[in-house]
Amino acid sequence: MSDWKILPMSKEHYAGVAAVHQEGIDTGNATFQEKVLTFESWDAKYLKTCRLVVLLNEQVIGWAALLPFSSMYAYRGVAELSIYIAKSARGKGVGKALMQEIIQASEENGFWTLQSLIFPENKASISLHHTYGFQTLCIHEKLGEMNGDFRDVALLERRSNRNGE
């Protein structure tokens with residue numbers, strides 16, 4: 001598994017990104033999203049900077065990207081993090097390496113705060129975030145509806161030591 005590499009994402013990687021995203025959707029504990037977006041919709045949703053993929057033998061086994069927090073200029077350094085690891089790559093250090101790289105990329109691009117919204121049942125993701133300095137700020141009770149059930153969502157946040165005051 002040590003032959004994987006982390007690269008900036010290109011449009012050519014999207015089929016693999018979508019496949020890994022679908023695995024996350026299938027768990028029922030990764031996202032409220034019910035189906036994978038088209039590349040055009042995904043591209044419009046995520047910021048153009050800080051898009052990374054992890055490749056193993058040219059196959060995407062993980063990805064991370066940032067979503068805008070707000071269109072207001074005051075929040076230009078705040079973004080929401082999405083990070084997904086293929087089932088076959090979980091528990092092998094891929095998530096840790098990708099998290100380090102996305103944090104570094106976000107700071108190089110001027111971000112001072114990263115946030116993540118995570119289902120409390122997704123203990124592996126919460127643990128990964130805590131390892132890299134994210135703090136759980138709150139649990140939003142019954143924040144969103146999924147398949148007829150209202151789900152709680154944990155709000156995690158990491159402040160940069162490099163950017164912001």
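Buried means under 20% relative accessible area and exposed means over 50%, with partly exposed lying in between, and these terms are used for the close-up views of this predicted model.

**View 1. Two cysteines, Cys138 and Cys50, and their accessibility.** Cys138 has a relative accessibility of 27% and therefore counts as partly exposed. Cys50, with a relative accessible area of 8%, falls under the 20% limit and so is buried. A search of the whole structure for disulfides finds zero.

**View 2. Strand β2 and its two covered faces.** Strand β2 spans residues 52–56, and five of its five residues are buried, so that the strand is described as mostly covered. In a regular strand the side chains alternate between the two faces of the sheet. In β2, Leu52, Val54 and Leu56 lie on one side while Val53 and Leu55 lie on the other, and these residues are all buried, which leaves both faces of the strand covered.

**View 3. Pairing of β2 with β1.** Strand β1, made up of residues 5–8, pairs with β2 in the antiparallel sense over four bridges. Within this pairing, Ile6 stands opposite Val54 of β2, and Val54 is one of the buried residues of that strand.

View 4. Strand β3, covering residues 59–68, runs antiparallel to β2 and is joined to it by five bridges.

Methods
Residues are numbered from 1 along each chain as its sequence is written. This is a predicted model: local features need pLDDT of at least 70, side-chain atom pairs count only at pLDDT 80 or more; totals for chains, interfaces and linings use all residues. Side-chain values use heavy atoms; hydrogens and water are left out. A disulfide is a pair of cysteine sulfur atoms within 2.5 Å. Buried means under 20% relative accessible area, exposed over 50%, partly exposed in between (1.4 Å probe, protein chains only). Two strands pair if DSSP finds at least two bridges between them.
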